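Biologist: Hi! Could you walk me through this model in plain words?
Modeller: Happy to, let's look together.

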Amino acid sequence: VYQQSIGAVCNLDWPRSNFLVQVLDDSDDAATSALIREEVEKWQREGVRVLYRHRVIRDGYKAGNLKSAMNCSYVKDYEFVVIFDADFQPQEDFLKLTVPHFKGKEDVGLVQARWSFVNKDENLLTRLQNINLCFHFEVEQQVNGAFLNFFGFNGTAGVWRIKALEDSGGWMERTTVEDMDIAVRAHLKGWKFLYLNDVECQCELPESYEAYRKQQHRWHSGPMQLFRLCFVDIIKSKIGFWKKFNLIFLFFLLRKLILPFYSFTLFCVILPMTMFAPEAELPAWVVCYIPATMSLLNILPAPKSFPFIVPYLLFENTMSVTKFNAMISGLFQLGSAYEWVVTKKSGRSSEGDLVALVENEKQSKQLRVGSAPNLDSLAAKEELYPKAEPKPKKKKHNRLYRKELALSFLLLTAAARSLLSVQGIHFYFLLFQGVSFLVVGLDLIGEQVE
């Protein structure tokens, strides 16, 4: 992952004297840090202005890391800052396609590119994630950018005007969604955002359910933390009424609170319970037509994923347990709201990236031919950063998720009860939803974890 990302950024097509690369390492693993440092030194020898920064004290996680980097004295020499997460691989022309959009627009604070995924067809889990994220970029980001000049910063593959960051208070460590936090504060200050749907930056989707679950927990608890902190600021701000309504209802409440609450309570609690209470009845349009319509609308931006519409509906209802739990923990500031778990990635590349990597490596070797190694410096580096002992390879296994398994038992029992009482469409929904919870609870979706 680190080789692909650093290599892609160092190969950006831009005058080398006009840009500086900071590699921000928060790792507490000595072997990982040594590898990253070695990669940075390789690019330094090839003339790239790249710096390696490692934090020993990891306060504030990503927000603290960005804040520390922006406090460096040399930052004052630059007008813009571009941020890439560790698994992102920008194309060579990324800066040429984004930075010119700031020209003549002094009120533009952010230009955001969309994500594309090198492993979207890797397994069923990545296919279902791709549906969600296609809707997010094609609809949410594009519509908000076009009509409101505002959207949530995605935390990566975006170019910020440094003046906008400073005017908005800089990076803050108060939530686990530092990207959304700075975007909201910049919006309240009057800065405008541009979203470029035709500029893509390749990245990687988590391939295991464990990694995806941790990521979704952070993505749904963080916004609720932030909502508590900035609600009064939104009300008091000078932005228009409709922008306030959009921030409070559509941006914070609808996707992050109302929909997970609706999915969890209706499909995981109320519907199965009605099977044990003959006098209670839910009409078919509530059970079938509304969720089917919502799923159809979500899948439209990714038409190639249409065959997965039924698994998508069932999986989204299954994920509502994690999202609902995260929403509650963030809203009421419970302990799990402040968890920060790095989303594990595999370092996958597209075929084109691999070919380019081989070509770049060949060129690098040709440039280094004939240069004798400095044995003294190598020995000194060996003393400073001794090689870590190789770790024993861990076996992969399936985890068991108790909440999902418990709900699977409830739903399958309700399905059996529905069959006995001839409940029609309710039986099929409960059966398939129960099987969906069972598959996820037994960790049979996505890759296994170590």
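**A covered strand and its partner**

Modeller: Let's begin with strand β6, residues 192-203, which is mostly covered, as 9 of its 12 residues are buried. Buried means under 20% relative accessible area, exposed means over 50%, and partly exposed is in between, using a 1.4 Å probe and protein chains only. Strands (E, at least two residues) and helices (H or I, at least four) are DSSP runs numbered from the N terminus.

Biologist: What should I know about the model itself?
Modeller: It is a predicted model, where local features need pLDDT of at least 70 and side-chain atom pairs count only at pLDDT 80 or more, while totals for chains, interfaces and linings use all residues. Residues are numbered from 1 along each chain as its sequence is written, and side-chain values use heavy atoms, with hydrogens and water left out.

Biologist: Which way do β4 and β6 run, parallel or antiparallel?
Modeller: Strand β4 (residues 108-117) and β6 run parallel, joined by 9 bridges. Two strands pair if DSSP finds at least two bridges between them. Serine 116 stands opposite glutamine 202 in β6.

Biologist: And how many helices and strands are in the chain?
Modeller: The protein chain has 15 helices and 6 strands. Of its 450 residues, 48% are buried.

Biologist: Which residues have the most contacts inside the largest nonpolar core?
Modeller: Those are Phe94, Trp160, Trp171, Val184, Phe193 and Phe252, in a core of 92 residues. Helix α9 (residues 241-274) gives the most to this core, with 11 residues. A nonpolar core is a set of buried Ala, Val, Leu, Ile, Met, Phe, Trp, Tyr and Cys residues joined through side-chain atoms within 4.5 Å.

Biologist: What does tryptophan 171 touch?
Modeller: Leaving out residues up to four places away in sequence, tryptophan 171 touches several residues, including Leu66, Met70, Phe153 and Trp160. Contact means heavy atoms within 4.5 Å.

Biologist: New topic: where is tryptophan 191?
Modeller: Tryptophan 191 sits in the loop between α7 (178-188) and β6. It counts as buried because its relative accessibility is 10%. Its C-alpha atom is 10.0 Å from that of arginine 161, 30 residues apart along the chain. Arginine 161 and Glu106 are among the residues that tryptophan 191 contacts.

Biologist: Which residue does arginine 161 form a salt bridge with?
Modeller: Its partner is glutamate 106, with the closest N and O atoms 3.7 Å apart. Arginine 161 lies in strand β5 (residues 158-161) and glutamate 106 in the loop between α4 (94-98) and β4, so the pair ties together parts 55 residues apart in sequence. A salt bridge is a side-chain nitrogen of Lys or Arg within 4 Å of a carboxyl oxygen of Asp or Glu.

Biologist: Are those two buried or exposed?
Modeller: Arginine 161 is buried, with a relative accessible area of 3%, whereas glutamate 106 counts as exposed at 59% relative accessibility.

Biologist: How many salt bridges are there by this rule?
Modeller: The count comes to 17. One of them joins glutamate 39 to lysine 42, whose closest N and O atoms are 3.3 Å apart. Both residues lie in helix α2 (residues 30-45), 3 residues apart, about one turn of the helix.

Biologist: What about glutamate 316 and lysine 323, buried or exposed?
Modeller: Both glutamate 316 and lysine 323 are buried. They form a salt bridge too, with the closest N and O atoms 3.2 Å apart.
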